[in-house]
Structures are given as structure tokens and as C-alpha cells.
Amino acid sequence: MVNQSAIPAPSLRRLPLYYRRLQQAIQDGEDIISSQALGEAAGVPAAQVRKDIGHLGEYGRPGVGYDVPSLTTRLEEFLGLVSEKRALIVGVGNLGRALASYPGFTRYGLHLRAVFDADPAKVGTTVAGLQIQSLSEIGTTIQQERIQMGIVTVPAPYAQEVADILVENGISVIWNFAPTSLVVPDSVLLQSVDLATELATLSHRIVRHRMRQIDPRA
């Protein structure tokens with residue numbers, strides 16, 4: 001068995017990009033794919049692809065490439081995509097609605113089972129075919145639907161309170177989109193996505209890109 005903790009974080013982040021390219025290859029009827037093609041999808045050279053995938057114990061045939069079905073299956077197993085992940089969303093603003101309506105999550109084993117909001121005007125309306133529920137119903141729904149993951153898309157001042165409610169009701173995985181740091185028990189897996197930080201990083205890269213266009217030495 002591969003020791004996931006031994007895989008460098010940059011390599012781990014690239015594996016889903018390879019998987020997405022493999023999905024395209026399947027749609028296109030490709031049985032073999034080269035490390036170069038996978039590298040183009042992730043923006044890395046072929047040698048890095050071979051090193052990344054080598055962490056999984058998978059090795060392509062020299063001069064031929066990787067077997068698409070076999071590597072796809074291996075990545076699905078390694079990334080846990082074959083296991084069902086039942087989730088709920090708390091916070092049905094613009095971001096919450098966008099995430100609830102995104103059809104691509106099912107490919108990765110994530111199934112949205114419920115949505116919640118504190119705004120009485122939203123409770124009872126629907127989004128993505130699900131009726132928005134009051135936060136007072138969250139404990140019962142988690143138990144009934146056997147939900148393991150909570151997706152937090154509330155404003156920052158309310159995020160910790162929401163996280164506490166989720167943890168108290170047995171949620172073991174939190175995907176946080178609120179622009180704030182959350183404190184959770186060590187037993188809870190927390191993954192945060194800070195869109196503002198991502199935008200700031202992109203802004204810096206845009207400035208550097210423009211500077212290089214003016215002066216390649218910049």
C-alpha cells in the first residue's frame with residue numbers, strides 16, 4: 001500500500017489534474033496516454049508526471065505511455081473517489097448556490113444531501129432541487145442522511161459558530177470557504193479555501209507577467 005503521507009503536497013495536488021485529463025481521454029476513446037499529454041494538463045514536464053505517478057507505484061511503458069483505464073482506476077482508488085461522501089452546505093448565498101448547483105462533484109464521489117441557511121426568507125425555498133432548511137434542523141438531518149462532510153459558505157463572522165454546530169452534530173470533515181481560520185478538534189479534517197488569498201496571488205502574478213512583457217529581465 002502506498003504511504004500517502006510520503007507523497008509531496010505539490011504531487012498530490014497534481015493528481016486530480018491528471019485524473020481530469022484521463023477522463024477526457026476516456027471520452028475521446030484513447031486507450032493509451034503519454035506522460036507529456038498528462039504534463040500539459042498540469043503544466044509540468046513529462047519527467048515530473050512520471051515522478052508523481054511513480055508515488056502510486058504505477059509506471060508507464062517506456063516509449064508507449066500509460067494505460068488509460070488502469071491509471072484512471074488507480075487514481076480513483078488512491079484519491080478516494082470511489083467512496084461516497086455525503087455532504088451538506090451551510091450558507092446559501094451566491095457561492096453556496098453555485099457550489100450546490102455544480103454538477104461535477106458527483107464524479108468525485110461527493111453527493112450533496114442538504115442545504116441550510118439562517119435567513120428565514122430563504123428557508124423553504126429550493127436550490128439545486130433541495131429545500132433550504134433551518135439550522136435548527138441540522139442535527140436531525142445529519143443523522144437521517146448519514147452526512148459526513150459540512151461545506152461552510154457563510155460570512156466570516158459566523159463561520160466558527162457554524163463549524164462548532166457541525167462538529168457537535170458529528171461532522172468529521174469540514175470544507176471551509178469562509179475567509180477566516182477555523183478551530184476544530186484534531187479528529188476533524190479541515191480544508192479551507194481562501195478565495196481572497198487566491199485572488200491576491202493571481203493579482204501579483206498578473207503584475208509580474210505584465211512587467212516581463214515590458215522588460216523580460218524583470
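**Entry 1: the sheet**

I took two strands as paired if DSSP finds at least two bridges between them. Helices (H or I, at least four residues) and strands (E, at least two) are DSSP runs, numbered from the N terminus.

I note that the model is predicted: local features need pLDDT of at least 70, side-chain atom pairs count only at pLDDT 80 or more, and totals for chains, interfaces and linings use all residues. Residues are numbered from 1 along each chain as its sequence is written, and side-chain values use heavy atoms, with hydrogens and water left out.

**Entry 2: inside the sheet**

I then examined E3 (residues 85–90) and E4 (residues 110–116), which run parallel and are joined by 6 bridges. Ala-87 stands opposite Leu-112 in E4.

**Entry 3: the largest pocket**

I recorded about 1,400 Å³ of space in the largest pocket. A pocket is an open set of points on a 1 Å grid over the protein atoms alone, where a 1.4 Å probe fits, with protein on both sides within 12 Å along at least five of seven lines; lining residues have an atom within 4 Å of a point. A volume is the space filled by probe spheres set on the points, which are joined across faces, edges and corners.

The lining has 30 residues, and Pro-16, Leu-81, Tyr-108, Trp-175 and Gln-191 lie nearest the centre of the pocket. Helix H1 (9–27), E8 and E9 each supply at least two lining residues; H1 gives the most, with 6 residues.

**Entry 4: the second largest pocket**

The second largest pocket has a volume of about 190 Å³. Its lining includes Val-90, Phe-116, Asp-117, Tyr-158 and Glu-161. H7 gives the most to this lining, with 4 residues.

**Entry 5: the whole protein**

I counted 8 helices and 9 strands in the protein. The C-alpha atoms fill a box of roughly 60 × 45 × 35 Å, taken along the principal axes. Buried residues (under 20% relative accessible area, 1.4 Å probe, protein chains only) make up 35% of the 218 residues.

Technical notes
Buried < 20%, exposed > 50% of the residue type's maximum accessible area, 1.4 Å probe, protein only.
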